[in-house]
Amino acid sequence: MKKYTYTEKKDTRSGFGDGLTELGKTNPNVVALCADLTGSLKMNDFEKNHPERFYQVGIAEANMMGIAAGLTIGGKIPFTGTFANFSTGRVYDQIRQSIAYSDKNVKVCASHAGLTLGEDGATHQILEDIGLMKMLPGMTVINTCDYSQTKAATLAIAEHEGPVYLRFGRPKVPVFMTDEPFVIGKAIKLTEGTDVTIVATGHLVWEALQAAEQLEEKGISAEVINIHTIKPLDEKAILESVAKTGCVVTAEEHNKYGGLGESVARCLAINNPCPQEFIAVNDSFGESATPDELMAKYGLNDVAIVAAVEKAIKRK
């Protein structure tokens, strides 16, 4: 098993901020828009260094999406920044009509996604956003796992022509993907295995690696795949793995309806039906608590993944 380790923890939103800072220096067409959350989105350096390319629109997210769509007409590459709840649910009509339907080159960048927003509670902990965005025709959906991958994704989407939803988070998490290349739509196999495939995204990727080590001690060989791009999904990587293992566990910080798990299930149903277990929020809203407390209560950690793997294997 390839061992991934870490020496520090950093928030994924800082990966976005540092990626945007680099783009400010290298790509003059990149512009940034924020809805009164510049510090939370780590967009301060871009604003400081490129004030002529930064637009503070205030608490007016729908207007921000309309402005971003308009800026593309002049060849600009707009990056919008606010919390995931406000980046999707609050402005879905504007994204659908002005960005997706019109195929505008807007990068919708969303921080504080999922339960790990923590103490701000259920109204801010959006767990439906992946489903909302992946259903929009032409929308690329990316959900990164650590600081390094978020920075790499930020740089990559600037080169991608078309609308993108980039989802990342608030808490400091292990940095372990430092030297891995980032290619939109290309999964990353983290470990080789023969007994079960664990397909994980976002903060659950590290938990999947921890689960794989625990399973190895039990004599279970787990293949862990990092799915950073949920749409387009790397079906080839998933099908090749499941052809070996015969069962799969999907893991995500999202409602079980509409997320990565359902995309994988659709792929398997069409190509290679097999037992699948879902690590995801079970059709509920969150609540106010620390990120670790919430991940444990809602079954989004290594312990839950190990149990799901054992259940999936028994169903083979």
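Tutor: Before we discuss which residues touch, one term is needed: contact means heavy atoms within 4.5 Å. Please also bear in mind that this is a predicted model.

Student: Which residues does L268 touch, not counting residues up to four places away in sequence?

Tutor: L268 is part of helix α10, which covers residues 260–271. With neighbours up to four places away in sequence set aside, the residues that L268 touches are I238, L239, V242, V248, P273, C274 and Q276.

Student: Is L268 buried or exposed?

Tutor: Buried means under 20% relative accessible area. The relative accessibility of L268 is 2%, so this residue counts as buried.

Student: How far apart in space are L268 and L239, C-alpha to C-alpha?

Tutor: L239 is among the residues that L268 touches. In sequence the two are 29 residues apart. Their C-alpha to C-alpha distance is 7.4 Å.

Student: Where is T116 found, and which side chain does its own side chain join in a polar contact?

Tutor: T116 is found in the loop between β5 (107–111) and α6 (129–134). Its relative accessibility is 4%, and therefore T116 counts as buried. Beyond four places in sequence, T116 is in contact with several residues, including R170, E253 and M295. The polar contact, at 3.3 Å, joins the side chain of T116 to that of H203.

Student: Is K42 buried or partly exposed?

Tutor: K42 is found in the loop between β2 (30–34) and α2 (44–49). Its phi is near 60°, a positive value in a residue other than glycine. The relative accessible area of K42 is 32%, so the residue is partly exposed.

Student: What is the phi of D283?

Tutor: D283 is placed in the loop between β14 (276–281) and α11 (291–297). At 48% relative accessibility, D283 counts as partly exposed. D283 is not a glycine, although its phi is positive, at about 55°.

Notes: Residues numbered from 1 in each chain as written. Predicted model: local features only at pLDDT ≥ 70, side-chain atom pairs only at ≥ 80, totals over all residues. Heavy atoms only, no water. Helix = DSSP H or I, 4+ residues; strand = E, 2+ residues; numbered from the N terminus. Buried < 20%, exposed > 50% of the residue type's maximum accessible area, 1.4 Å probe, protein only. Polar contact = N/O pair within 3.5 Å; in protein donor to acceptor, adjacent residues only side chain to side chain.
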